Amino acid sequence: MPSILVTYAESLRPQAEVSALVFIKRVFGIGANVRSYGEFAGMAQFYFGGFGLGYSYQFNPGNQPLNRRIGNTTHEIGLQYRFSGMAGLL
């Protein structure tokens, strides 16, 4: 599952990111994400029944230990539920 996202806000510089997830038997997915400002992320997703659980860890390897910004790394957890009658919408 490849994806591309471009974000623009009037007060910020435009940002682009590219992601790719590879799924094994539609149950487990593993992938990576790269952003235009140098951040990287590792991602994992699990699907069971109509539920999905995802985890992502984002970091910037270019930051020096004494020059770190607040919130340099993030952990994200996502929950998903797919309604069986609405599968054609997505």
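Phe-28 has a relative accessible area of 25%, and that makes this residue partly exposed; the term covers values between buried, under 20%, and exposed, over 50%, with a 1.4 Å probe and protein chains only. Before going on, the basis: this is a predicted model, in which local features need pLDDT of at least 70, side-chain atom pairs count only at pLDDT 80 or more, and totals for chains, interfaces and linings use all residues. Residues are numbered from 1 along each chain as its sequence is written, and side-chain values use heavy atoms, with hydrogens and water left out.

Now the overall layout. The protein has six strands and zero helices, and from the N terminus the order is β-β-β-β-β-β. These elements are DSSP runs, numbered from the N terminus: helices are H or I with at least four residues, strands are E with at least two. Of the 90 residues, 20% are buried. The accessible surface is about 7200 Å², and carbon and sulfur atoms hold 65% of that; areas come from the Shrake-Rupley method with a 1.4 Å probe, and for residues only the protein chains shown count as cover.

Back to the rings. Five aromatic pairs turn up, where rings of Phe, Tyr and Trp (its six-membered ring) pair if their centres lie within 6.5 Å; planes under 30 degrees apart are stacked, over 60 edge-to-face, and the rest tilted. Phe-28 and Phe-46 sit with ring centres 5.0 Å apart and planes at 45 degrees, so this pair is tilted. It links distant parts of the chain, since Phe-28 is in strand E3 and Phe-46 in strand E4 (residues 40-48), 18 residues apart. Phe-46 is partly exposed at 40%.

Another tilted pair is Phe-40 with Phe-59, at 6.3 Å between centres and 35 degrees between planes. Here strand E4 supplies Phe-40 and strand E5 (residues 51-59) supplies Phe-59, 19 residues apart. Both are partly exposed: Phe-40 at 35% and Phe-59 at 31%. Phe-40 and Phe-59 also belong to one aromatic cluster with Tyr-57.

Last, charges. How many salt bridges does the whole structure hold? One, counting a side-chain nitrogen of Lys or Arg within 4 Å of a carboxyl oxygen of Asp or Glu. The partners are Arg-35 and Glu-17, at 3.1 Å from N to O. Arg-35 lies in strand E3 (residues 28-35) and Glu-17 in strand E2 (residues 12-24), so the bridge ties together parts 18 residues apart in sequence.
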